Each structure stands twice: as C-alpha cells, then as structure tokens.
Amino acid sequence: MVATLVEVMPARVRTVGFSLAFSLATALFGGITPMMSTYLIEKTDDASMPALLLMLAALCSLLASFYLCRRLPNQKEKRVYTEEV
C-alpha cells in the first residue's frame with residue numbers, strides 16, 4: 001500500500017500531503033469513534049455493534065484501494081509523476 005501511495009503525489013508535496021491526510025483522519029475519526037460506539041451500543045443494546053464501524057471503515061479502505069489500483073498505470077508504463085527530487 002505504501003508504494004501505491006508514493007505514486008499518488010508528486011515528491012515535492014508528498015510529506016505535507018501524507019501528514020495532513022493522516023492528521024485530519026486521526027482527528028476526525030479518532031474523535032467521533034468513541035461517541036458513535038457509545039451511541040450504537042445505547043440504541044441497540046448490543047455491545048458488538050461498534051464492529052459495524054470497523055466493517056464500514058474496512059469497506060471504505062477496500063474501495064479506495066481498488067480505485068487507486070485502477071487509476072495508477074502499470075509498472076511497465078510511465079510513472080504518474082516523473083519529476084526529479
């Protein structure tokens with residue numbers, strides 16, 4: 001997965017892009033997940049309901065991976081960004 005992510009962004013903005021995406025995802029989902037888990041348990045009286053959140057996150061990751069693999073060219077072809085570092 002890391003090799004695929006490297007191909008997505010040009011080298012000059014790669015560090016900023018990855019750190020910004022990681023920070024925003026951690027803040028958003030790290031802050032909302034406990035609240036959503038508590039809400040799901042309270043509304044359904046089932047302690048295993050937070051597993052739905054994990055399954056939804058896994059599905060989003062799988063769909064994003066398929067999208068990236070289709071978007072990026074094969075290894076035999078030219079790279080997406082060919083600029084030098």
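This is a predicted model: local features need pLDDT of at least 70, side-chain atom pairs count only at pLDDT 80 or more; totals for chains, interfaces and linings use all residues.
Start by selecting Glu7, which at 18% relative accessibility counts as buried, where buried means under 20% relative accessible area, exposed over 50% and partly exposed in between, with a 1.4 Å probe and protein chains only. Glu7 is found in helix H1, and helices (H or I, at least four residues) and strands (E, at least two) are DSSP runs, numbered from the N terminus.

Residues are numbered from 1 along each chain as its sequence is written, and side-chain values use heavy atoms, with hydrogens and water left out.

Now colour the protein chain by pLDDT, the predictor's confidence in each residue, from 0 to 100. The mean for the protein chain is 81, and 79% of its residues reach 70 or more. Confidence is lowest in helix H1 (residues 2-8), at a mean of 71, and highest in H2, at 89.

Next, show the whole protein chain as a cartoon, where the secondary structure comes to 3 helices and 0 strands, giving the pattern α-α-α when read along the sequence. Of the 85 residues in the protein chain, buried residues make up 13%. With contact meaning heavy atoms within 4.5 Å, residues 24 or more positions apart account for 55% of the contacts with a separation of 6 or more.

Select Ser37 in helix H2, a residue that is buried, with a relative accessible area of 16%. Leaving aside its neighbours within four places in sequence, Ser37 is in contact with Pro50 and Leu53. Then select Tyr39, whose place is also in helix H2 and which is partly exposed, with a relative accessible area of 44%. Tyr39 and Pro50 are 11 residues apart in sequence and, from C-alpha to C-alpha, 9.2 Å apart in space.

Continue to Asp45, found in the loop between H2 and H3, which counts as exposed at 71% relative accessibility. Phi of Asp45 is near 55 degrees, a positive value in a residue other than glycine. Most residues other than glycine have a negative phi.

Finish at the largest pocket, which has a volume of about 540 Å³. On a 1 Å grid over the protein atoms alone, a pocket is an open set of points where a 1.4 Å probe fits, with protein on both sides within 12 Å along at least five of seven lines, and lining residues have an atom within 4 Å of a point. To find the pocket, select Ala25, Phe29, Ala57, Cys60 and Ser61, which lie nearest its centre among the 15 residues that line it. Helix H2 (14-44) and helix H3 (50-71) each supply at least two residues of this lining, and the largest share, 8 residues, comes from H3. By class, the lining has 13 nonpolar, 2 polar and no charged residues, where Ala, Val, Leu, Ile, Met, Phe, Trp, Tyr, Cys and Pro count as nonpolar, Asp, Glu, Lys and Arg as charged, and the others, Gly among them, as polar.

Conventions: Grid points are joined across faces, edges and corners, and a volume is the space filled by probe spheres set on the points.
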